Number of protein chains: 2
Amino acid sequence: MSYFNVRILGCGSATPTLRHLPSSQVLSFHDRLFMIDCGEGTQLQMRRYGIAYAKLRNIFISHIHGDHFLGLPGLLSTMSLHNIEGEITVHICREGAELLQTIMEAMCREPSYTLRYNIFDPAASAVLYEDRTMIVENFPLFHRVPCSGFIFREKQGPRHMRGDMAKFYNIPHWQIPAIKEGADFVTSDGTVVPNERLTTAPTPAASYAYCSDTAFDLRVAEAVKGIDVIYHEATYGDKQAARAGIRGHSTARQAARIASESGASRLVIGHYSKTVTDSSVLVAQAAEEFPAVIAANEGMKIDIR
Amino acid sequence: MSYFNVRILGCGSATPTLRHLPSSQVLSFHDRLFMIDCGEGTQLQMRRYGIAYAKLRNIFISHIHGDHFLGLPGLLSTMSLHNIEGEITVHICREGAELLQTIMEAMCREPSYTLRYNIFDPAASAVLYEDRTMIVENFPLFHRVPCSGFIFREKQGPRHMRGDMAKFYNIPHWQIPAIKEGADFVTSDGTVVPNERLTTAPTPAASYAYCSDTAFDLRVAEAVKGIDVIYHEATYGDKQAARAGIRGHSTARQAARIASESGASRLVIGHYSKTVTDSSVLVAQAAEEFPAVIAANEGMKIDIR
């Protein structure tokens, strides 16, 4: 498993079933964990799959529906009982931040860590998180309440130094970082060796987009254009397309059309309605539009690279 | 299984483990269900054990700690998604009612049913619910936050008519209900046959007390005096008695002393700390004080009669 993957903790929808839990995922990037949504039972799923509370520093909440949010107060309380220290940031809309704050005031007034709210506008796009190697943005989804998707983008790494060229020109070690960043090399006789002869292209940066909950809308495809792996809700199958529209949800086929339009390399569907008893039916419908599709399941780990 | 029983949905404590879920129980009395506490995951446990949402009309919350409360918003939302109608009453302290109301306003503004709050003072005793055959009272527990236990008391039924006497005196059917309630019978020649010759004593009414969370306190034994079956928290074993005191919890042995002092016929222990890996150790310690003790477990059904 590579350094960039997503673990599905829950991929059911609002009405709980014994097949699926409500929405939550943990994205792992190098040694950092990012949580996306936190339905009821998420903290237990973390224990089940041995996910360390201590590595979780950023939690992204798409919208304030119970099946995406109600596991958060319990998780945050438990993290305090475990004496997690440092800063935990919850990226959330204003209404959600106020609600969470009220609950925390009543239930976990003085957590062991500093709880920070990064309030975003679900109707706009913005950078929510950035470090040296990763950038996280939100973008609008189209649901019954204000709702946001999230894009996790690995930053482009440096170019690769060609070993044969380093040897041929006898390049001093101290110059290599600059060459990886694009500098040319100047030999002792003043000859300029252009960078493209010395290096090969960097490893393409990988990216992941989370799209739940949303009605079918081509603006979503636009927002996630060029993203490698897309998780898109597929609450219903073809037969319930009308219901999907009414409820602000998508069918598996619609999810596949978004993946196809956006030029994704892979699609993961989830957020199944309680009426979906066999996700392979959804996969079959989606595959007619976009063949590289799989059905999410609790515990599944998806390699993003 | 008799018409009066309790199903354990969760008997762990605040820090979740894979062994136990947070606190919740469903008491079944004839065709009515009463929920006691509602930790995270309770709605899923209801599905797991096939407990019908529609029969649940009264929910009692002991105190506003996450492991006793955080399943409630999700359960109430799901009950609305299931279009449950009529009236649902949550018996809860004022702070809890305000918190729940805030969450419901944000997440489930117009439930399919009427949500009623019956606010009680956890520091006092009061009748919270009463119908023809059952009465529910709260009483104070001694925890880090205001906390209440609950007593479920079957009302005493009528005396039993002796078939031989009914036949001997040829008692008309229409007089039997009154005789069961204690009336004498007057024969056609004016002879008064006293009730005690005609009837036998009623079936003793059964009762159940829920005591979680609480430090060891003999006032609890006083409050539950004469109750048949007691559920008492036993967060720790003997070795952690000091920690129990500090955290406002009890050991298994202390739970047993409460049962013994109150004259209970049976004791069920639960609310195990994450450090308790084998509840039989707790049972052994409790049994030294009160032999009729069992350890609660998820799914267990306890007959109260």
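Trainee: Where does Asp213(B) lie?

Mentor: The model is predicted: local features require pLDDT of at least 70 and side-chain atom pairs pLDDT 80 or more, while totals for chains, interfaces and linings use all residues. Residues are numbered from 1 along each chain, chains are lettered from A and ligands numbered from 1 in the order written, and side-chain values use heavy atoms, without hydrogens or water. Helices (H or I, at least four residues) and strands (E, at least two) are DSSP runs numbered from the N terminus. On that basis, the place of Asp213(B) is the loop between β14 (207-211) and α8 of chain B.

Trainee: Is the peptide bond from Ser212(B) to Asp213(B) cis or trans?

Mentor: The omega angle of this bond is near 5°. In chain A, the bond from Ser212(A) to Asp213(A) also has omega near 5° and is cis, and Asp213(A) belongs to the loop between β14 and α8 (218-223) of chain A. The bond from Ser212(B) to Asp213(B) is likewise cis.

Trainee: Which residues of helix α10 (residues 252-262) of chain B are buried?

Mentor: Buried denotes under 20% relative accessible area, exposed over 50%, and partly exposed the range in between (1.4 Å probe, protein chains only). In α10(B), the buried residues are Ala252(B), Ala255(B), Ala256(B), Ile258(B), Ala259(B) and Ser262(B).

Trainee: What covers the buried residues of α10(B)?

Mentor: Contact here means heavy atoms within 4.5 Å. Beyond its end, α10(B) is followed by Gly263(B), with a positive phi near 80°. The cover over its buried residues includes α8 (218-223), β15 (229-233), β16 (266-270) and α11 (279-287) of chain B.

Trainee: At what angle do α10(B) and α11(B) pack?

Mentor: Axes are lines fitted to C-alpha atoms, for helices over the stretch in contact, and angles run from 0 to 180 degrees between N-to-C directions. Ala252(B), Arg253(B) and Ala256(B) of α10(B) meet Leu282(B), Gln285(B) and Ala286(B) of α11(B). The two axes are 8 Å apart, and the packing angle is about 40°.

Trainee: Which residues make the contact between helices α3 and α4 of chain B?

Mentor: Helix α3 (residues 72-81) and helix α4 (residues 94-107) of chain B have axes that come within 10 Å and cross at roughly 45°. The contact is made by Leu72(B), Pro73(B) and Leu76(B) on α3(B), and on α4(B) by Leu100(B), Ile103(B) and Met104(B).

Trainee: Which residue is the bridge partner of Ala126(B) in β8(B)?

Mentor: β7(B) pairs with strand β8 (residues 134-140) of chain B in the antiparallel sense, over four bridges. Within that pairing, the partner of Ala126(B) is Asn138(B).

Trainee: How many residues of strand β1 (residues 4-10) of chain A are buried?

Mentor: β1(A) pairs with strand β2 (residues 24-29) of chain A over six bridges in the antiparallel sense, and Phe4(A) stands opposite Phe29(A). β1(A) also pairs with strand β18 (residues 301-303) of chain A, antiparallel over three bridges, with Lys301(A) as the bridge partner of Arg7(A). The strand is mostly covered, and its buried residues number seven of seven.

Trainee: What is the relative accessible area of Asn170(B)?

Mentor: Asn170(B) is not a glycine, yet its phi is positive, about 55°. It is placed in the loop between α5 (163-168) and α6 (176-180) of chain B. Asn170(B) is exposed, its relative accessible area being 63%.

Technical notes. Pairing = 2+ DSSP bridges.
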